[in-house]
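Hello,

Here is the complex we talked about. Please load it first, then read the notes below.

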Amino acid sequence: MPVLATGGAPIYNSLKAIRLMRHGCANRPFYHIVIMGSRRSNKGTYPVIEQLGTYDPLTNVHGEKLVSVNLDRISYWMAQDKVKIAVGVKQLLGLMGFLHIHPQSYITAWRVRAIAKREALSKQQAEDQEASMG
Amino acid sequence: MALLERTFFSLTSKLNFKGMRHILIPDTPTIVIPVRGAKQKYHPDSFIGFRVEPRENHNRQYVSHPLIYKDADPAPRFMDARVRAILKDLTGCDHSKVFRHRALLSISAPEIVFFTDEQLKIAQNDAKIKADKLLSMPPVVKVRAEEVQDISFDPALQGIMPNFKIVFTDISLGIPDNKRIIVVRENSGKLRHANGAERQRMNEIYNPRKGRKHYVSELFTAKCLPDVLARGQYEFVLDRACLQFEPDEPEYQSVVAYVYEALDKKQHYDSLLSTRHYGPMLFFLVWHKCLNNFLEHHLMAGRLDVASQVVKLYCLLHQKSDVAKAMTDFRDPMHVVQTFVSLECMDTSARVQLALKQCKELLRSQQQVEQNVAAALGQSS
């Protein structure tokens with residue numbers, strides 16, 4: 001019998017999830033995009049069914065964050081029953097143009113813009129105050 | 001004891017909760033981007049946390065050279081069977097050079113085997129096939145296009161990635177590097193295909209090749225390359241360039257053009273004989289019409305056949321030139337070279353004409369010697 005990609009761990013016919021699994025070490029996050037039993041925690045070293053990609057959340061010298069996705073296998077797993085996709089992965093796939101853009105991405109973008117605007121406003125006010133004092 | 005107590009108290013008073021708060025969290029607000037499973041704190045202006053500082057080798061620049069194949073595409077001409085036949089013919093195949101011991105390969109003692117005539121024939125044939133493989137020329141193609149294709153633009157995503165962009169790479173199996181899907185999402189909400197440099201970087205990360213460096217090797221910088229070339233290590237640099245780059249990269253074509261130019265100045269063409277770089281080097285010289293040194297070198301040595309072959313190549317590559325129009329018959333090498341020199345080298349180089357003159361004299365004296373020998377042996381021509 002061929003050995004499963006899990007390394008021999010059993011796969012039950014239960015809900016599975018495509019999600020980010022934290023690898024790396026303290027203060028240096030690195031994520032694997034994996035498919036695993038949805039009841040497993042994604043924080044420990046639990047057996048996964050298959051690794052589908054990686055996500056490096058720290059910017060490199062060129063100001064890029066790197067995501068790699070095995071689109072063939074992701075399509076395969078999305079076509080299966082009882083597979084859900086975590087929000088983080090949905091956002092990444094949305095930004096990639098593989099899925100629709102996730103609403104959470106729009107919310108995030110809106111928040112960032114709002115905070116930047118508020119900051120600029122408060123900065124302007126502080127400057128005006130200083131000018132009037134001086 | 002009293003002293004100890006005092007220091008202890010002074011420390012604790014400094015490290016109260018309020019003080020810690022003040023030290024750890026600055027007044028400026030932080031933004032939490034809620035990617036579940038990947039929570040990160042961002043500062044609106046700059047990334048707080050780890051930041052990879054550029055090392056020295058990230059600032060290095062490859063040598064640049066203006067003579068890269070950027071206007072017309074040389075590939076169809078290079079793939080032309082007649083052109084390849086000439087290039088292969090002129091490269092030659094000296095087995096002692098093709099099969100020489102390379103420093104990097106493991107050294108083994110030569111094996112001595114007794115062969116019958118048939119076995120010897122088979123072995124020689126095998127060696128010929130192997131040599132052909134070793135001498136296969138690196139492709140000469142047009143430099144890659146720099147413009148990138150936009151896929152979509154979503155202004156509602158503006159600001160989602162302050163000060164960075166995300167590069168997505170498809171790592172499905174069985175896809176060649178040049179067909180791999182690589183896209184970039186920018187802060188403005190634009191999704192576009194990756195440009196050449198990004199593609200090359202991603203391919204190197206997700207599909208590394210043995211011997212390739214992920215940083216700019218000092219060998220290819222303007223600091224080191226002239227020294228290496230002054231030592232005459234042309235083949236070494238060209239081999240390394242073939243390993244490091246793809247043929248359509250502007251960096252590859254610049255490095256290679258730089259080497260060819262240095263080699264052309266010193267007329268060290270023979271150092272590339274029986275290597276895979278001789279053909280592309282000759283193609284480069286003919287394509288960019290810098291043949292004066294090459295012709296001078298070979299005419300001075302009396303190699304008229306080489307010169308005439310190169311002129312033939314010139315006619316194939318520049319079919320609209322005066323020489324190609326004037327040339328009808330390639331049978332007499334002297335006539336071919338003379339026509340070329342009179343049409344192309346008239347203004348540019350007097351040295352080529354001088355070399356042609358010397359070549360003529362050399363050939364005449366050789367003929368004279370042959371006649372004298374024949375006469376001395378009592379043979380009449």
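**Domains of chain A**

The C-alpha centres of domain 1 and domain 2 of chain A lie 35 Å apart. Domain 1 covers residues 3–100 of chain A, and domain 2 covers 102–134. Keep in mind that this is a predicted model.

**Confidence**

The predictor assigns the complex an ipTM of 0.88 and a pTM of 0.75. For chain B, the average pLDDT is 81, and 83% of the residues score at least 70. Which elements of chain B have the lowest and the highest mean pLDDT? Helix α2(B), residues 17–24, has the lowest, at 36. Strand β5(B) has the highest, at 96. Residues 1–51 of chain B have pLDDT below 50. Beyond near neighbours in sequence, that stretch still has 47 contacts in the model. Where pLDDT is low, the predicted coordinates should not be read in detail.

**The sheet**

Nine strands, from chain A and chain B, form an open sheet. The order is β5(A)-β1(A)-β2(A)-β3(A)-β4(A)-β4(B)-β5(B)-β6(B)-β3(B). Pairing is mixed.

Within the chain A part, β1(A) (residues 16–25) and β2(A) (residues 28–37) pair antiparallel over 10 bridges. In that pair, I18(A) stands opposite I35(A) of β2(A).

**Helices on the sheet**

Helix α1(A), residues 71–78, packs on the sheet. In chain A, helix α1(A) touches β1, β2, β3 (50–56), β4 (64–69) and β5. In chain B, helix α1(A) touches β4 (165–170). The direction of α1(A) makes about 125 degrees with that of β3(A).

Helix α7(B), residues 196–206, also packs on the sheet. Its contacts are β3 and β4 of chain A, plus β4, β5 (182–185) and β6 (190–193) of chain B. The direction of α7(B) makes about 55 degrees with that of β4(A).

**Chain B overall**

Chain B has 16 helices and six strands. Of its 381 residues, 38% are buried. The accessible surface of chain B is about 23,400 Å², and 56% of that belongs to carbon and sulfur atoms. Among chain B contacts between residues at least 6 apart in sequence, 68% join residues at least 24 apart.

Best regards

How values were computed. Residues numbered from 1 in each chain as written. Chains lettered and ligands numbered in written order. Predicted model: local features only at pLDDT ≥ 70, side-chain atom pairs only at ≥ 80, totals over all residues. Heavy atoms only, no water. Pairing = 2+ DSSP bridges. Helix = DSSP H or I, 4+ residues; strand = E, 2+ residues; numbered from the N terminus. Contact = heavy atoms within 4.5 Å. Axes fitted to C-alpha atoms, helices over the stretch in contact; angles between N-to-C directions. Buried < 20%, exposed > 50% of the residue type's maximum accessible area, 1.4 Å probe, protein only. Areas by Shrake-Rupley, 256 points an atom, 1.4 Å probe, with all protein chains shown as cover. Domains from an automatic or database assignment. pLDDT = per-residue confidence, 0-100.
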